[in-house]
Amino acid sequence: MYSPVSSADIIARIEHIRELHRQVDRLRDRKRLAHDRREQKIRDFISNLRRAGTRPMANMVRSLEDICSLTTDGAHRLFGYELDGVRDFDFHLNGSRTHIVESYVFDRDLMVELPLEFAPEDAFRRSAMLSSLVLRWQGDFPVSVLSRPVWRRPGTFYVRIGTEDSLGSSLPPGATALVEPVDHEEMQRPNPRAIYLLQFPNGYRCSRCVITRGKLQLLTSDRSYAGPQVYAYPLSVRIVGRIAVFALGLPLRETPVLRPFSQYDGSADLILPWEHKTRHGLFATKHRRFVRSREEIQHVEDLLQSRLHSTLSDRSRRRYRRETDSEPHIAALIQMSIEHYARYSDSLQTGGYRLRNTGRYSLETLLRAERFEDLIAKSPEPMLPTPLEVWEARRKEMVEWPALLSLKFPKPSAWSHRVVRVGAEALINSVQPPIRPGSWMLLDELPSTLDTRSDASKRGWSRPLYALGRGLETFFGHLERDGTGFVLLNHSDVKPTKVFHQSELPNLRRICGVIVPV
């Protein structure tokens, strides 16, 4: 997230970028005024840097973006901040609470691979490996192309299900879910079979629900949940969107204690992060919604200050939760974003900071260039996958090609023999929500020893799942011994799906991750 950079190194990088701009300015006389303005701003910046050190203010970084043609990530990297690393700290420090997470990939130069040619639709009717479903891939393309409408649905965002506050949730703890917007009519008459992201004054929850006579009632099958079930609507709860897909690493680590979110303090207005007009409004609302214990506050503060090499006082925190003309240092802005469960992109944009990338370059691209002409080569555009009807069917299932997926697996073809899609013949309802046709699974080698007795003592998503390949067929389920052989179970009523002999163990794989359309 942060690696210290000396003033001398920062100045050397800026001098290199300035020389690139001088080359093009000399070719365009009409750019003289812009050239003079840039030169003066860079001189002022270098002078301030030598005097004040390498802790930039947010407005200083924004100004450098403009005068140096840097992306948001590039301007931060100039000072040693890697913004995509903020996401990892958010998961580590805030994973216990359900909250909206960062899905914007700041490293716009990350090269990713995309599908070019699919197999015919008939191939998707049975369970099959990714290698036989995507026949050709195309790449490399900068991850920024995923913002195009053909790859992304406007209005979608992502939520992380808390590992502690999700008792009674309709999604498993630790899952990351794609949320799609719903219209006003659906907000008034939600589908009781759909799962919705609900916002409360003290947090978020994913649940099925119904609305009758101004009351929203939660629908949960978890008998251990004994919290409130009915809320005044829309006064006390807000339907934020519908869960379309969720991803989860397996097996799920068993959590010692799950608490209903109703046990958490909180008194925030029902407003979404991007609806705030100011940064102080964003932080103040998050502070009221996610109330930390004193011990948790100290733990988060100590870890972030050690990693960011910076200190942040309680007085400064209070200042930036009120209206102020003061601009925070970048380290303080990153720390407050994580402390307040805020996406860093929201912290920037509510402070008047636009995420602009058109005509901008990453820091690495600018430092590699010897001439300005090296920068203006047009990047190739990915082609629309074919057959078109197959691509549209996959989009309907998965809604979009998630940027977070490409961040984790930029070269999916390298995993094509470890990823299997669940066909129409399979349904695993021993977990909830069930793993239904259209789901994708990541396979791993078997552990050195198969402890089916230990597996059987676990339940739900914590119990390991396996995939058995047999010719053109693939079977899924939990593993149990059956005399000298084994049996796969994938139904809640524990009916055997497939019995197989020990000689078939080389064809057995452990399922270590799933993507499930809801």
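**Rings, a helix face and a buried serine**

I would like to begin with Tyr104, which is buried at a relative accessible area of 18%, where buried stands for under 20% relative accessible area, exposed for over 50% and partly exposed for what lies in between, using a 1.4 Å probe and protein chains only. What we are looking at is a predicted model, in which local features need pLDDT of at least 70 and side-chain atom pairs count only at pLDDT 80 or more, while totals for chains, interfaces and linings use all residues. Residues are numbered from 1 along each chain as its sequence is written, and side-chain values use heavy atoms, with hydrogens and water left out.

First, the chain as a whole. The protein chain contains 16 helices and 18 strands, which are DSSP runs numbered from the N terminus, helices being H or I over at least four residues and strands being E over at least two. Its radius of gyration is 26 Å, close to the 24 Å that the globule rule gives for 518 residues, so the chain is as compact as a globular protein of that length; the radius is taken over C-alpha atoms, and the rule is 2.2 Å times the number of residues to the power 0.38. The C-alpha trace spans about 80 × 50 × 45 Å along its principal axes, and 52% of the 518 residues are buried. If we take contacts (heavy atoms within 4.5 Å) between residues at least 6 apart in sequence, 70% of them join residues at least 24 apart.

Now to the rings. There are 15 aromatic pairs in the structure, a pair being two rings of Phe, Tyr or Trp (its six-membered ring) with centres within 6.5 Å, called stacked if the planes are under 30 degrees apart, edge-to-face if over 60, and tilted otherwise. One of them joins Phe45 and Phe79 edge-to-face, with 6.0 Å between centres and 80° between planes. That pair links distant parts of the chain, since Phe45 belongs to helix 2 (residues 32-52) and Phe79 to the loop between helix 4 (72-77) and helix 5 (84-94), 34 residues apart. Both Phe45 and Phe79 are buried. Tyr104, where I started, pairs with Phe106: their centres are 4.9 Å apart and their planes at 75°, so this pair is edge-to-face. Phe106 is buried as well, at 2% relative accessibility. Ring pairs also join Phe118, Phe124, Trp151 and Trp391 into a cluster.

Trp391 takes us to helix 14 (residues 388-398), whose buried residues are Val390, Trp391, Arg394, Arg395 and Met398. Viewed down the helix axis, these fall within an arc of 140°, so they line one face of helix 14, the arc being that of the directions from the axis to the C-beta atoms. Which exposed residues does the face turned away from the buried side carry? They are Glu389 and Lys396. The cover over the buried residues includes strand 2 (111-118), strand 11 (238-249) and strand 18 (508-517), among others. After helix 14 comes Val399, with a positive phi near 75°.

Finally, Ser170 lies in the loop between strand 5 (157-160) and strand 6, and Ser170 is buried at 11% relative accessible area. Leaving aside residues up to four places away in sequence, Ser170 touches Ile195, Cys206, Ser207, Arg208, Leu219, Gln432 and Pro433.
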